[in-house]
Structure formats: C-alpha cells, structure tokens
Amino acid sequence: MLSTSAKADHHETKEKTIVEVAVGAKNFTTLVAAVKAAGLVDTLSGKGPFTVFAPTDEAFAKLPEGTVESLLKPENKEKLVSILTYHVVSGKVMAADVVKLSEAKTVQGSTVDIKVSDDGVMVDKAKVVKTDIECSNGVIHVIDSVILPE
C-alpha cells in the first residue's frame, strides 16, 4: 500500500515544474517567496533542465535574524538573485551523479564544493537531506542550510 502512494507522489512531481513542486511542498515557503521576489519564477519554470539544491524553511531560519526580510526588499534583488542562482546547477544531476563530483558550476557563475562521506553529501556547508525529487524541468535535492557565494 505504501509503495503505491509513494509512486503516485513521485509521478505527480515529475509532471510539475521545479517551482510548482516547491509551491506544493509545505517546507519551501521562504524559498518560494525569495524566488518570487527575485523574479526567478519564469526562469525556474522554464525548460531547463535544472538541478536545485533547495533550502527548507528551517534552513532559512538558521540565517541571522532579519537576513531573509532584508534580502526580500526590492533594493536587494540583485544580491537575492545571486544567492538563489548559487543554489542552481544547469542540467539534471541525479544523486547518483552528484556523489561522483567534487564541485559543480552554478548558474550564478561560482562553483559549489561537493563532499561525500559516511555522514552523507555536503554541498558547501549544507547537508543534502533528501534527493532526487524529479520535476518536469529538472530535479530538486533538499539541503538543510542556505549556501552563500563568496
């Protein structure tokens, strides 16, 4: 019985874009608000494919108080775009392929470090907590911290 519902959920996400999946999930409200404020909805709803390392609401809550509110202001849009695109890699990189990498070039232009150990996979200083959420235009890997370009 469980496997059937898991397959149904998996099938449903494969037909939705990365943005639609994030909007439908309950733990990405801050990410969705940030994507909207940055004007990236159309981009991340586009053809892609994209790989998104998606921070949860809890990940955003780890940032210093006032950081998210500050980034969502129109005058900080450029900085917000830079941070968000640092979480995106061109192409559809599934977990089995991520673990073979030591770094990945982001859409922002910088590279993220990827480290694989017995404790799991780290992208910069964020731990990957869920992998391979397939979408119609790419894949989402959930991370427990917001990663920031240097």
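**View 1. Asp97 and its partner Lys100 in the predicted model.** Asp97 is partly exposed, with a relative accessible area of 35%. Its side chain forms a salt bridge with Lys100. The closest N and O atoms are 3.8 Å apart. Lys100 counts as exposed, at 67% relative accessibility. Side chains of opposite charge can pair when their charged atoms come close.

**View 2. The salt bridge between Glu134 and Lys92.** Here the N to O distance is 2.9 Å. The pair links distant parts of the chain, 42 residues apart. Glu134 sits in strand β6, residues 126-135. Lys92 lies in the loop between β2 (88-90) and α8 (95-98). Is Glu134 buried or exposed? Glu134 is buried, because its relative accessible area of 14% is under 20%. Lys92 is partly exposed, with a value of 37%. Lys14 belongs to the picture too: Lys14, Lys92 and Glu134 are linked in a network of salt bridges.

**View 3. Asp144 meets Lys62.** These side chains form a salt bridge, at 3.9 Å from N to O. Asp144 counts as partly exposed, at 23% relative accessibility. Lys62 is exposed, with a relative accessible area of 53%. The count for the model comes to four salt bridges.

**View 4. The largest nonpolar core.** This core has 29 residues. Which residues have the most contacts inside it? They are Phe28, Leu31, Leu44, Val52, Leu84 and Ile140. Several helices and strands each supply at least two residues of this core, including α2 (18-24), β1 (50-55), α7 (77-85) and β7. The largest share, five residues, comes from α3. In soluble globular proteins, nonpolar side chains tend to be buried together.

**View 5. Leu31 and its contacts.** Set aside the neighbours of Leu31 within four places in sequence. Leu31 is then in contact with Ala54, Pro55, Asp57, Phe60 and Leu84. Leu31 and Leu84 are both among the residues with the most contacts inside the largest nonpolar core.

**View 6. Another core, apart from the largest one.**

Note on methods: Residues numbered from 1 in each chain as written. Predicted model: local features only at pLDDT ≥ 70, side-chain atom pairs only at ≥ 80, totals over all residues. Heavy atoms only, no water. Buried < 20%, exposed > 50% of the residue type's maximum accessible area, 1.4 Å probe, protein only. Helix = DSSP H or I, 4+ residues; strand = E, 2+ residues; numbered from the N terminus. Core = buried A, V, L, I, M, F, W, Y, C linked by side-chain atoms within 4.5 Å. Contact = heavy atoms within 4.5 Å.
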